[in-house]
2 protein chains.
Amino acid sequence: VPHRVHNFNAGPSTLPVSVLERIQSELLDFAGLGASVIEVSHRSQEFMRLVEETREQVRRLMNVPASHAILFCHGGGHMQFSAVPLNLLGLKPARKALYVDTGNFALRAIEDASRQGYIRTIASGRNTDYDRIPELEPGDLDPDASYLHLTTNNTAMGTRWNAWPDAGAIPLVGDMTSDILSRRVEVSRFGVIYASAQKNVGIAGVSVVIVRKDLMGHALPGTPSLLDYRQLHEDGSLTNTVPTFTLYVMKLLLEWLDDQGGLEAMEQANARKAKLLYDVLDRGAYYRAFAHRAHRSDMNITFTLPDAARLERFLAQAHENGLYALKGHSFRGGVRASIYNAMPEAGVRALAEFMTEFERRNG
Amino acid sequence: VPHRVHNFNAGPSTLPVSVLERIQSELLDFAGLGASVIEVSHRSQEFMRLVEETREQVRRLMNVPASHAILFCHGGGHMQFSAVPLNLLGLKPARKALYVDTGNFALRAIEDASRQGYIRTIASGRNTDYDRIPELEPGDLDPDASYLHLTTNNTAMGTRWNAWPDAGAIPLVGDMTSDILSRRVEVSRFGVIYASAQKNVGIAGVSVVIVRKDLMGHALPGTPSLLDYRQLHEDGSLTNTVPTFTLYVMKLLLEWLDDQGGLEAMEQANARKAKLLYDVLDRGAYYRAFAHRAHRSDMNITFTLPDAARLERFLAQAHENGLYALKGHSFRGGVRASIYNAMPEAGVRALAEFMTEFERRNG
């Protein structure tokens, strides 16, 4: 057994050892074909079946209604920062959309969308240093807007939306890159859900895009064919060569998630894991949680220490103790523990114990 | 040792067993980090070094001059069908470009580019059923064009360009998806070279883009940030999470290519392998090569049999004999043997012998 650290990286992120071992064991021969999964055609029967099964697993685990299509798209969540406005702005003549600024990635989504049309930020967490999800004013929900964009979990900030705003007839778009398949979501509330795979559903290089079918077919002129939702849907996401290995790992992850008891069990396990860390943060004044209690993420636990010297010592000693990649995002600073689906409870316990011990010795 | 077929798929395609075994052996621990290469941060020192080394290997192996930048971009060659016009059409006020239609993928490049500006097909192989590269008329080289696009090797057709046209001051753009790093190229002749990785440099999910630096910075409004060459260049291709595993496999492939003696040795080996098959085709009238002799590809050898029944029998019996994925592209039909860098000579010999034997028994 090779040496393994507890990997708290925000994405790419840790995978179950059983999945890594499965990849390893069948790397030279996929489905008895006598060739590796990374060598076979994306249009072979065997691989097309894998794509179909992966789609069906997403549909079943997330309870995606028949009104919504499931696409796989190149480029991760960031590519969707452009794909969403390219596909949806054309839904209404004003070509405008509403965004909520909840931190780093929401800002990048706004920046990219602004290249495609008129983007209005209707609420921002900037005034409270992004420690919470800002309140929306009903009057801001401009009915001429083509959609309202939310970042459902804010990886860099450690905050999350707990209830979806009622936007009436305006389709809701959710960037679920850091919490897809980590908690139950009523998919029918959304016009589009998108997520890159490298946090909760596998590895880097692809995004899952769930689109209400009646929103397709309005792509702006100049939309690249590989970002056109209707085109991808018509082609079963195989418009060109898909990132085959990435989809294969996604399928293994979804099978593993099923084995853990599905989404409800996963949601409960994630809440339990997060509580282990929040309990340490709340026990005293030594560690300071960044996120307001009512808006805390179960995926990314962000906090800081009394001063920069102890923060640096904390990160260095954690690393020496096999607690890897705890440094916060540069936008936020401090410490960030990313504990997605595949982070075992043992890893979280090890971190909680280290935090307690560090406080005792550096209080 | 697992059962292995000879895999003639056009892409994704066969990999050296030594590379597969290396991936397998270090899958649970990358660079001694105690985490898999598919789990670590794309911004970790270790991974950023891998990206830098991969870029340097491409530069050295292809002898890329300092005038050109090397980018890694999401989405394979097909994404570049849009990225090229988005980045280059703005070089001149007319926003037009010239394309040469050499078959299936050239046509798809033309189709996608036509969404972005005025695209003129200045020569087409259609009249000769794409059996050769058409001649260009010097008068067609409109000096107002922003670039001239070629598909240097035509995967579906089995043809290739052997000499580049002199386009004067018009930058040449080469889709080298199916022959990059299979033969020597004078990179300075090109404004842009692009290639997806899954044929000669690894697996699906990324493209290599080599861009003359002075052509950057003219992206059309609305260009998605992840397709903007200047942005990617400024960010060292790490604008967002790169497909980490795909880059890792590319690096192993480039190391392997180096071990084989570099590009000149590879070019010679590829010519030797292709000759083994063309010699069988040329020996009699039983098999008919699709490509004109002067335009034959060393990567994709395309041919057909005397009738449909024998073609079907050929493909079925080849499959039974461990010769995998020989069916031609639907655009072309017949047989296609894709013999990229990683196809060992033994695989090509096995196919040549099978062809000889099949002809003897089904003549």
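Helices (H or I, at least four residues) and strands (E, at least two) are taken here as DSSP runs, numbered from the N terminus. The model is predicted, and local features need pLDDT of at least 70, side-chain atom pairs count only at pLDDT 80 or more, while totals for chains, interfaces and linings use all residues. Residues are numbered from 1 along each chain as its sequence is written, chains are lettered from A and ligands numbered from 1 in the order in which they are written, and side-chain values use heavy atoms, with hydrogens and water left out.

**Exercise 1. Backbone geometry**

Solution. Most residues other than glycine have a negative phi, and most peptide bonds are trans.
- In chain A, the peptide bond from A:Gly11 to A:Pro12 is cis, with omega near -5°, and A:Pro12 belongs to the loop between strand 1 and helix 1 (17-25) of chain A.
- A:Arg95, which is not a glycine, has a positive phi of about 50°; the residue is in the loop between helix 3 and strand 3 of chain A.
- With a relative accessibility of 39%, A:Arg95 is partly exposed, where buried means under 20% relative accessible area, exposed over 50%, and partly exposed in between (1.4 Å probe, protein chains only).
- B:Leu181, also not a glycine, has a positive phi of about 60°; its loop runs between strand 8 (172-175) and strand 9 of chain B, and at 2% relative accessibility B:Leu181 counts as buried.

**Exercise 2. Aromatic pairs**

Classify the pair A:Tyr99 and A:Tyr147 and the pair B:Phe81 and B:Tyr194, and state which parts of the chain each one links.

Solution. A pair of aromatic rings is described by the distance of the centres and the angle of the planes. Rings of Phe, Tyr and Trp (its six-membered ring) pair if their centres lie within 6.5 Å, and planes under 30 degrees apart count as stacked, over 60 as edge-to-face and the rest as tilted.
- Over all chains, the structure holds 27 aromatic pairs.
- The centres of A:Tyr99 and A:Tyr147 are 5.7 Å apart and the ring planes stand at 70°, so this pair is edge-to-face.
- A:Tyr99 is in strand 3 (residues 96-101) of chain A, whereas A:Tyr147 is in the loop between strand 4 (118-124) and strand 5 (148-151) of chain A, 48 residues apart, so that the pair links distant parts of the chain; A:Tyr99 and A:Tyr147 are both buried.
- B:Phe81 and B:Tyr194 are likewise edge-to-face, at 6.4 Å centre to centre and with 75° between the planes.
- Because B:Phe81 lies in helix 3 (residues 76-88) and B:Tyr194 in strand 9 (residues 192-196) of chain B, this pair ties together parts 113 residues apart in sequence; both B:Phe81 and B:Tyr194 are buried.

**Exercise 3. Helix 9 of chain A**

Solution. 
- Helix 9 (residues 345-362) of chain A has 18 residues and reaches 25 Å from its first C-alpha to its last, close to the 26 Å expected at 1.5 Å a residue, the expected span being 1.5 Å times one less than the number of residues.
- Its buried residues include A:Val348, A:Leu351, A:Phe354, A:Met355 and A:Phe358.
- The face turned away from the buried side carries the exposed residues A:Ala346, A:Glu353 and A:Arg360.
- The buried residues of helix 9 pack against several elements of chain A, among them helix 7 (262-282), strand 12 (300-304) and helix 8 (308-320), contact meaning heavy atoms within 4.5 Å.

**Exercise 4. The surroundings of B:Val40**

Place B:Val40 in chain B and identify residues that are in contact with B:Val40.

Solution. 
- B:Val40 lies in the loop between helix 1 (17-25) and helix 2 (45-62) of chain B, and B:Val40 is buried, with a relative accessible area of 0%.
- Leaving aside neighbours within four places in sequence, B:Val40 is in contact with A:Asn9, A:Pro12, A:Tyr324, B:Phe30, B:Leu33 and B:Ala35.
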